[in-house]
Amino acid sequence: MDLEKHPQRPAAPAEPEGIRASDADRDRIADILREAMAEGRLTADEHAERVDSVHRAKTVGELEPLVRDLPTPGGVPRAAAAPAADVPEEPAGPADNLVAIFSSSTRKGRWRVGARTNAFALFGSVEIDLTEALFGQRLTVINATSVFGSVEIRVPENISLRGSGTGIFGNFEVVTLESPEPEAPVVVVNGYSVFGSVEAKPKRGKFIADLQDRVRKHLDKHLDRNLGKHLGH
């Protein structure tokens, strides 16, 4: 009888495919799909079908099959692609809601932007102007839905603007921006329009006045933390 004790094997780590998908994950997949349609790899119907699946996906494992047969933007095969660039974490907490039903809803001026905003227009219009807003976090997500209405989003020119969506007998347009500042706010606009329009673009000549100060403070804090660690050793 073998009385030798065998050590227990450690539990296998959770499969990455089972991790909950973030808005940044969905945005990355939507960018690949948009590029594929522009190159003629996907038809408009195929693109719309896959984008709809992107919005319904709950895990990373549900997202990856949607682009498994496509190269990354720029034509690089997926197996040889470099790791994704650093992106902010998915915002948490309650969302702000802007609703316009046979009416209009506007948010502009000097106001503090929440991490998440839901904009819904039904036979109405929603206007979100971020050009003078205060960003308390790096990532801001706006989920925009327009049905026989319009959602208009304006951002300053020195932030990053990304997003994806679908227009069904309507228009969904996000004019992408990439700020040269590594810690600039990132605004992601997702959603769809049905017989309506969703539009997000920069407002010419509008910039966040305190962006440089906030970036400098962030870098100073980072340097102080690293210096403290070094002196502690």
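**Rings and strands in a predicted model**

Reader: Why is Phe195 called partly exposed?

Author: In this predicted model, Phe195 has a relative accessibility of 43%. Buried means under 20% and exposed means over 50%, so Phe195 falls in between and counts as partly exposed. Phe148, at 41% relative accessibility, is likewise partly exposed.

Reader: What makes Phe102 count as exposed?

Author: The relative accessibility of Phe102 is 64%. The cut-off for exposed is over 50%, and therefore Phe102 counts as exposed.

Reader: How many aromatic pairs are found in the whole structure, and why is the pair of Phe102 and Phe123 described as stacked?

Author: The search finds four aromatic pairs. For Phe102 and Phe123, the ring centres are 5.0 Å apart and the planes stand at 10°. Phe102 is in the loop between E1 and strand E2 (104-107), and Phe123 is in the loop between E4 and strand E5 (125-129), so that the pair links distant parts of the chain, 21 residues apart. Phe123 itself is partly exposed, with a relative accessible area of 41%.

Reader: How do you know that Phe148 and Phe195 are stacked, and what does their pair tie together?

Author: Their ring centres are 5.0 Å apart, and the angle between the planes is 5°. Since a plane angle under 30 degrees counts as stacked, the pair is given that name. Phe148 lies in the loop between E7 and strand E8 (150-155), and Phe195 in the loop between E11 and strand E12 (197-202); the pair therefore ties together parts that are 47 residues apart in sequence.

Reader: Which residues do ring pairs link into a cluster?

Author: The cluster consists of Phe102, Phe123, Phe148, Phe169 and Phe195.

Reader: What is the strand order of the open sheet, and why do E1 and E9 count as edges?

Author: The five strands are ordered E1-E4-E7-E11-E9, with parallel pairing. Strand E1 (96-101) and strand E9 (160-168) each have a single partner strand, so one side of each lacks a neighbour in the sheet. From one strand to the next, the twist averages 10°.

Reader: What makes E1 and E4 paired strands?

Author: E1 and strand E4 (residues 116-122) share six bridges in the parallel sense. Pairing needs at least two bridges, so E1 and E4 qualify. Asn97 stands opposite Asn118 in E4.

Notes: Residues are numbered from 1 along each chain as its sequence is written. This is a predicted model: local features need pLDDT of at least 70, side-chain atom pairs count only at pLDDT 80 or more; totals for chains, interfaces and linings use all residues. Side-chain values use heavy atoms; hydrogens and water are left out. Helices (H or I, at least four residues) and strands (E, at least two) are DSSP runs, numbered from the N terminus. Axes are lines fitted to C-alpha atoms, for helices over the stretch in contact, and angles run from 0 to 180 degrees between N-to-C directions. Rings of Phe, Tyr and Trp (its six-membered ring) pair if their centres lie within 6.5 Å; planes under 30 degrees apart count as stacked, over 60 as edge-to-face and the rest as tilted. Buried means under 20% relative accessible area, exposed over 50%, partly exposed in between (1.4 Å probe, protein chains only).
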